[in-house]
Amino acid sequence: MREINVAMIGEGFMGRTHSNAWSQVTKFFKPPVRPVMYTSCGRREEHTKIFSNHWGWTHASTNWEHTVRLPEIDLVDIVTPNFMHAPVAMAAIEAGKNVSCEKPIAGTLAEARAMVGAAEQARVQTFVWYIYRRCPAVALAHKLVKDGALGAIRHVRAFYLQDWADESIPLVWRFQKEGAGSGAHGDLNAHIIDMTRFVTGEEITEISGAVAETFIKQRKKMTGTAAGGIAAGVQAGEGTGPVTVDDTLLFLARFSGGAVAGFEAARQATGNQNRNGFELNGTKGSLKFDFERMNELQYYDATRPRAVQGWTTIMCTHGGDHPYAEHWWPDAHTLGYEHGFINQAYDILQVLGGHEPTVPIPDFHDAYQTQRVLEAALVSAAEHRPVALSEVR
Ligand SMILES: NC(=O)c1ccc[n+]([C@@H]2O[C@H](COP(=O)([O-])OP(=O)(O)OC[C@H]3O[C@@H](n4cnc5c(N)ncnc54)[C@H](O)[C@@H]3O)[C@@H](O)[C@H]2O)c1
């Protein structure tokens, strides 16, 4: 079996999920090519050695410029903060490598555009880790909509609500425009824009209005570096600095099929710890998904006799019926957060081996469409006006 040498750049929260995915994927799936965990790359030598050893990478590096150009490397996997996506991806593409990059594709639209152009010119394969597409319930929703189960979609509600960002959390890169591009918006709305584009099969054509707010305007400067969870392992130091991104951004939109939509991203939605979901209402039926109950999809079939119409809770764990389920445990033995990443690793290997992914996987060009929506909503919030997507190229 052909082997693919992977170099992963970044060793934080996503460094752990991706390392786990690359190490697990061939234990559950039979991809046409096999990933070899060649090297991981971080910033601190001591930590990098411990990290790579722990997760099963053969080599450890603190020099990403050198790593992405190594002739042995076939795929560069980028799991750094957003501002690093473009420089690492551009260097990797220039060296002729395939690239898989965390979301959002970049901190800014201009960087994302340059990444798309470079990848197309170099004819390398690219992938973006919008992993919620690879949750069986979301992949099933995509298939149901494609098969016409909802008829014409009229309303889309999408929300991604978290509550980790109180005053105690210091000024990590996620609160800085130069590190992240935007706040809850690029972090969370990015996922639900991608997810609703995927499930509906439609594009967003207009941002009709948007509102953004930063509730906590100054945060304590940090002493340590982020390692682990969203802000785990970070310690507050002396002095404060300004927060330069949104804590929350809500927007209204229109889809190409005629549906109207509302999107909400927030980091201080107390009690909503990772509430990532959507509701779609169509002329023939409706769907609801909430990641806090990720194994379930709610389906309302309005074509059934009125007397028995009602919401059905589908456990998306049946091999053969529900995407990805047959690769895991016996029916009804549920999946968790990490499985989306392992399912994505499988589909990347499928594509690299010349096969179809289980469900469509975003490349840089696709992820750029999500970035355009992010940008349009930022403009709408800043200028208090509707923004047509045709304005944002
Ligand atoms: N797909 C998802 O569901 C999901 C979830 C969380 C984060 N993300 C994305 O993943 C990316 C990383 O987020 P995270 O939560 O892992 O952040 P993190 O802060 O936990 O980790 C970032 C890592 O990048 C490393 N890094 C920074 N500069 C570097 C350099 N010059 N050379 C080498 N390494 C460097 C840091 O040392 C750290 O190990 C972001 O783009 C984020 O938006 C995606």
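The largest nonpolar core here has 111 residues, and Val76, Val88, Met115, Ala141 and Ala377 have the most contacts inside it. Such a core is a set of buried Ala, Val, Leu, Ile, Met, Phe, Trp, Tyr and Cys residues joined through C-beta atoms within 7 Å; buried means that 20 or more other C-beta atoms lie within 10 Å of a residue's own, with C-beta atoms placed from the backbone. Helix α10 (residues 364-383) gives the largest share of this core, nine residues. Domain 1 (2-128) and domain 2 (152-282 + 363-383) both contribute residues, so the core lies between them.

This is a predicted model, in which local features need pLDDT of at least 70, side-chain atom pairs count only at pLDDT 80 or more, and totals for chains, interfaces and linings use all residues. Residues are numbered from 1 along each chain as its sequence is written.

Now to the domains, whose bounds come from an automatic or database domain assignment. Their C-alpha centres lie 24 Å apart. Contact means C-beta atoms, placed from the backbone, within 7 Å.

| Side of the contact | Residues in contact |
|---|---|
| Domain 1 | 20 residues |
| Domain 2 | 23 residues |

On the domain 1 side, α5 gives the most, with six residues. Helices are DSSP runs (H or I, at least four residues), numbered from the N terminus.

Helix α5 (residues 109-122) also pairs with helix α4 (residues 85-94): their axes come within 10 Å and cross at roughly 10°. Axes are lines fitted to C-alpha atoms over the stretch in contact, with angles from 0 to 180 degrees between N-to-C directions. The two helices are therefore roughly parallel to each other (angles under 35 degrees).

Notes:
Angles under 35 degrees count as roughly parallel, over 145 as roughly antiparallel, 65 to 115 as roughly perpendicular and the rest as oblique. A residue is buried if 20 or more other C-beta atoms lie within 10 Å of its own, exposed if 12 or fewer, and partly exposed in between; C-beta atoms are placed from the backbone. Two residues are in contact if their C-beta atoms, placed from the backbone, lie within 7 Å.
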